[in-house]
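Subject: Structure for your review

Dear colleague,

Here is the structure I mentioned, with its sequence. My notes follow below it.

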Amino acid sequence: MEYFLVMARAVLYIRISELTDATTSPERQRADCTGYAEARGLEVVAEEEDLDVSGTKSVDQRRGLRSALETIEAGGADILICARLDRLARSVVSFHQIVKRVEAVGGTVVSVAEGLDFSTPAGRMVASVLASFAQYESELIGQRVASAKKHLASEGKWGGGRRPYGWRPEPHESGKGFVLRLDPEESEVLRGMVAQVLDGVALSRIAAGLNDAGITTALGKPWAAGHSVRQALNKPSMIGANGAEPLLDSATYVRLRRILDDRPQSTGKRPDLGEVLLPPSLISCHRCKLPMKRGVDDRSRLVYR
């Protein structure tokens, strides 16, 4: 069924879990998707990326995929092209959600490596089986990672991942693996945060104070209204777990956790910003001339896309 591809417009979608993985590099995926589009005379109107993002994450958690789907739903493209099925989704549920959204507006999804056209019953059936295997593989990887971290913890080593605020990874004395040593500056900041919580200071106030002082999180970002403060203080590394040098004694940590558990947590929902901007139907993009869509950026500000 190639007829629907003639003069069609395509959005390329590229995803990679780790930027160090050369086997599924963005460049390779881009070349495969572009080659497919050129061979069939497709007009590539957009290219969306989710770099260093797991395929197990939902559509809402992947900015690039979300943008690609919104482009198709707004009528700006007809086809979503991915290099391989597991670049699109590693969950059967996510796969069917993506295909359903695209097909609801008359579009289709294409996976280059498998040569699958999801607009046909046979294509959807084969893709569902492959998505099941992708999910199975993802779950096996998760089990292996969890087992490895448990083994490393039993040997007093760090299991890897994002370092907790207040510590720095250093080589283990055995020469194999890493341990977490207290960072001189960050650990003092962390102790100050603990002291404030024990004194009854609100987490949002602590976050504001850190931001005003120009102190950032372990990722170099501002502290988010108490949420990231809670995350930093809830780490088991505080009492020496996961191969970390302890910051607190057990009694202080138990007291800290009780205070944090008694405080309400953020629901994570964005505030209702109201009808601040003009209705999207009244404006369009000055480049592609498509209708603008209202959304929210990383700072919860209402914006047009």
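Over the ring of which residue does the charged end of Arg40 sit? The ring is that of Tyr36, and the charged end of Arg40 lies 3.8 Å from its centre. Before you go further, please note that this is a predicted model.

Aromatic rings

There is one aromatic pair in the structure. Its members are Tyr165 and Trp223, with 5.1 Å from centre to centre and 80 degrees between the planes. Angles over 60 degrees count as edge-to-face, so the pair of Tyr165 and Trp223 is edge-to-face.

The loop between β2 and α2

Two residues in this loop are worth a look. Asp52 lies in the loop between β2 and α2, and its phi is near 65 degrees, a positive value in a residue other than glycine. Most residues other than glycine have a negative phi.

Arg62 is found in that loop as well, between β2 (43-51) and α2. Is Arg62 buried or exposed? Its relative accessible area is 0%, so Arg62 is buried. Leaving aside neighbours within four places in sequence, Arg62 is in contact with Tyr13, Arg15, Asp50, Val53, Ser54, Gly55, Lys57, Arg87, Leu88, Ala89 and Ile98. For Asp50, one of these contacts, the separation from Arg62 is 12 residues in sequence and 6.4 Å in space, C-alpha to C-alpha.

Helices α2 and α4

Ile98, listed above as a contact of Arg62, also takes part in the packing of α4 against α2. Helix α2 covers residues 63-73 and helix α4 residues 92-103; their axes are 9 Å apart and the angle is about 25 degrees. Angles under 35 degrees count as roughly parallel, and α2 and α4 are therefore roughly parallel to each other. On the α2 side the contact is made by Leu65, Leu69, Ile72 and Glu73, which meet Ile98, Arg101 and Val102 in α4. Of the residues in this contact, five are nonpolar and two are charged, with no polar ones.

Regards

Notes. Residues numbered from 1 in each chain as written. Predicted model: local features only at pLDDT ≥ 70, side-chain atom pairs only at ≥ 80, totals over all residues. Heavy atoms only, no water. Axes fitted to C-alpha atoms, helices over the stretch in contact; angles between N-to-C directions. Helix = DSSP H or I, 4+ residues; strand = E, 2+ residues; numbered from the N terminus. Parallel < 35°, antiparallel > 145°, perpendicular 65-115°, else oblique. Contact = heavy atoms within 4.5 Å. Nonpolar A, V, L, I, M, F, W, Y, C, P; charged D, E, K, R; others polar. Phe/Tyr/Trp six-rings, centres within 6.5 Å; stacked < 30°, edge-to-face > 60°. Lys NZ or Arg CZ within 6 Å of the ring centre and 35° of its normal. Buried < 20%, exposed > 50% of the residue type's maximum accessible area, 1.4 Å probe, protein only.
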